[in-house]
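Subject: Structure handover

Hello,

Here is the structure for your files. My notes on it follow below.

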Amino acid sequence: ANARYLSYAADIHTSGRHLLGIINDVLDLAKIESGKMSLEDAGEFALVPALSASLGMLAGLGEKHGVMVRGEWKDEKVRLVAVERMVRQVVINLVGNAIKFTPAGGSVTLSGAPDMAGGYVLTVRDDGIGMNEDEIANALTPFGQNRTKMAVQQEGTGLGLPLAKAMIELHGGHLRVESQPNRGTCISLRFPPERIVALRAQEAA
């Protein structure tokens with residue numbers, strides 16, 4: 001019945017979940033780097049519903065920062081063979097970072113489309129503060145955090161981007177970062193053709 005105690009409990013709970021998130025990220029990255037993270041749990045799933053659910057989890061963060069978050073899909077029936085938990089985590093990490101480093105009134109867009117080689121590309125694009133080449137290299141380094149004015153105001157471990165890169169590479173894909181200061185950032189994730197289910201062949205069968 002004591003409002004102050006309830007506030008303390010809420011702060012402790014929030015801090016505990018933040019610490020647990022850091023520990024899980026460190027463990028995941030360590031497993032991947034040591035070759036102990038496998039794709040045994042990989043399975044076929046509908047990609048767009050998984051992406052939409054991930055964006056839904058970030059709706060509150062977007063509202064908090066005054067940033068519009070949206071998804072755009074060229075092929076809503078695409079199915080991916082991957083570890084769904086990892087794909088969701090990659091999306092949450094990248095879109096969450098984009099929201100945090102985009103000033104109020106800006107936007108973050110997650111889009112997806114097949115490429116000419118039969119793979120599938122996810123793109124996270126924002127119109128935030130952007131990075132120069134040195135800052136991109138630093139952001140791709142575990143625990144690397146750029147000391148910009150906006151970055152200092154944000155909570156983070158510097159693991160989001162390196163972990164996303166490691167997870168996409170574990171699936172045989174690659175991550176690419178394009179950015180310029182004050183002109184936003186575009187991060188592309190490409191899944192190789194062998195991870196994409198051939199729906200036409202499946203339907204014909």
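A crossing is called left-handed if the near helix is turned anticlockwise from the far one by less than a right angle, and right-handed if clockwise. Helices (H or I, at least four residues) and strands (E, at least two) are DSSP runs numbered from the N terminus. This is a predicted model, in which local features need pLDDT of at least 70 and side-chain atom pairs count only at pLDDT 80 or more, while totals for chains, interfaces and linings use all residues. Residues are numbered from 1 along each chain as its sequence is written, and side-chain values use heavy atoms, with hydrogens and water left out.

Helix α4 with α7

The crossing of α4 and α7 is left-handed. The two helices pack at about 150 degrees with their axes 9 Å apart; axes are lines fitted to C-alpha atoms, for helices over the stretch in contact, and angles run from 0 to 180 degrees between N-to-C directions. On the α4 side, Met86, Gln89, Val90, Asn93, Leu94 and Asn97 meet Gly160, Leu161, Leu163, Ala164, Met167 and Leu170 of α7 (contact means heavy atoms within 4.5 Å). This contact has 8 nonpolar, 4 polar and no charged residues. Here Ala, Val, Leu, Ile, Met, Phe, Trp, Tyr, Cys and Pro count as nonpolar, Asp, Glu, Lys and Arg as charged, and the others, Gly among them, as polar.

Helix α4 with α2

Helix α2 (residues 47-57) packs on α4 (residues 84-100) at about 45 degrees, again with axes 9 Å apart. That makes α2 oblique to α4 (angles under 35 degrees count as roughly parallel, over 145 as roughly antiparallel, 65 to 115 as roughly perpendicular and the rest as oblique). The crossing of α2 and α4 is right-handed. Among the α2 residues in the contact are Leu47, Ala50 and Leu51, and among those of α4 are Glu84, Val87 and Arg88. The contact of α2 with α4 divides into 10 nonpolar, 1 polar and 2 charged residues.

Regards
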